[in-house]
Amino acid sequence: MLCTFKDPRLTLAMRDAIARAGYSTPTPIQVQVIGPILEGRDLIGCAQTGTGKTAAFAIPTIELLVGADSRLAKLGGAGPRALVLAPTRELALQTAETFDMLGRAQGVKTVVLIGGESMGPQLAGLQRRPDVIIATPGRLFDHLERRSLGLGTLRIVVLDEADRMLDMGFAPQVERILRVTPLDRQTLCFSATMPTEVETLVRRHLVRPVRVDAGVIAKPVAKVTQMLYKAATQEKTPLLLRLLGEERGQTLVFTRTKHRADRVARAVGAAGHRVTRLHADRSMSQRREALDGFRSGRYRVLIATDIAARGIDVPEIAHVVNFDMPHTAEDYIHRIGRTARAEASGRATSFAAPEEHEQLRAIERHLGHPVPRN
Ligand code: AMP
């Protein structure tokens, strides 16, 4: 158990980096996983987003790569030593930011290999001999096929949001990627839920893993205030505009389709709000601009579809609105986990049209309680 960031198992350089990041105390998942990872154990962590899981694996990974008396530091050598696989480009980019924030001062170099971007800059990034590769499985697989990198020097592999990665159909790529990494690597797997597919992956690729559960499995972060409005489809836009007018703060709105995201964004923009959109039809540079603009506060409202919004990390999101009900309880929990991250608290409001009541009932069954009605 690493109960404070002053723990002598962390190097001074890391303690400084953590202080600069503004983290004062470890979150529960960090308390539980940093020690075993530093000891070289394989690990399966049941942790949803918003628990601090990224830093929970980034801190010990960086320590193992550069720490004063690290086993890996002595190995040195040419070639990447850590790999993080993430389901979406946004999550990969944010994970890279965490690694840069915590590892740059110690000289840790990262490269992000994600789809939707041209190969050129990624190949150039690989030439700079990165220590840590952060990738989506599809694009990493393309690089392997082109032989632009090898994974034979890896010491640590992290499978982040494993459940979502498998849901998105990445199982074959993940399997094939793992097959070309050294057998004696250390493997860390994080997942919000533990379906059979994830258990199978863990059984096949992890060696006597430590199991860590960051609180209740797949239950929304306790600090989120949830609220439900029953609203017919045509009532949803006026309701959203009313809520945006009544309160302040950054608001993330989820819609079912790209088309609806565009339509709602037009209505919100016409009502005078600073609004942007994030969905799969937007180019990588448009997505970055939207996310950066939302993060910096240039946009107050971000309208997004599920997949695109996976991994969004904006600490100040005050309010998450489910303009359309998500299809599964897991998606509901992931969406509302966008607010009340780490130490903040937040609100999550859902609009349920009559045809969405079945989805609502399934979500409430999973939560074990009804979502409070307005
Ligand atoms: P994650 O669950 O990795 O998406 O992290 C959620 C948020 O918590 C991110 O904004 C992190 O920067 C932040 N965070 C991570 N660890 C800590 C900590 N120990 N104290 C405060 N904030 C943290």
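I began with arginine 208, which sits in the loop between helix H10 (196-205) and strand E7 (210-213). I took helices (H or I, at least four residues) and strands (E, at least two) as DSSP runs, numbered from the N terminus. The model is predicted, so I kept in mind that local features need pLDDT of at least 70 and side-chain atom pairs count only at pLDDT 80 or more, while totals for chains, interfaces and linings use all residues. Residues are numbered from 1 along each chain as its sequence is written, and side-chain values use heavy atoms, with hydrogens and water left out.

**Positive phi**

I noted a positive phi for arginine 208, near 35 degrees, in a residue other than glycine. Most residues other than glycine have a negative phi. Arginine 208 is exposed at 64% relative accessible area; buried means under 20%, exposed over 50%, and partly exposed in between (1.4 Å probe, protein chains only).

I then looked up glutamate 161, where phi is positive too, near 50 degrees. Glutamate 161 is placed in the loop between strand E5 (156-159) and helix H8 (162-167). I checked its cover: at 2% relative accessibility, glutamate 161 counts as buried.

**Helix H16**

Which residues of helix H16 (residues 357-367) are buried? I listed His357, Gln359, Leu360, Ile363, Glu364 and Leu367. Viewed down the axis of H16, the buried residues fall within an arc of 155 degrees, so they line one face of the helix. The arc is that of the directions from the helix axis to the C-beta atoms.

What do the buried residues of H16 pack against? I found strand E8 (224-230), helix H15 (329-336) and strand E13 (346-352), with contact meaning heavy atoms within 4.5 Å. Glycine 368 follows H16 and has a positive phi, near 85 degrees.

**Strand E13**

I turned to E13, in which six of the seven residues are buried. E8 and E13 run parallel and are joined by seven bridges; two strands pair if DSSP finds at least two bridges between them. I noted that tyrosine 229 stands opposite phenylalanine 351 in E13. Strand E12 (residues 317-322) also pairs with E13 in the parallel sense, over four bridges. The bridge partner of valine 321 in E13 is threonine 349.

**Whole chain**

I counted 16 helices and 13 strands in the protein. The domain assignment gives domain 1 (12-214) and domain 2 (224-367); such bounds come from an automatic or database domain assignment. The centres of the two domains, taken over C-alpha atoms, are 28 Å apart.

I compared the radius of gyration, 21 Å, with the value near 21 Å for a compact globule of 374 residues, and the two agree. The radius is taken over C-alpha atoms, and the globule rule is 2.2 Å times the number of residues to the power 0.38. Along the principal axes, the C-alpha atoms fill a box of roughly 60 × 45 × 40 Å.

Buried residues make up 58% of the 374 residues. Of the contacts between residues at least 6 apart in sequence, 75% join residues at least 24 apart.

Last, I looked at arginine 20 in helix H1 (residues 12-21). Arginine 20 is exposed, with a relative accessible area of 57%. Its C-alpha atom is separated by 33 Å from that of glutamate 330, 310 residues apart along the chain.
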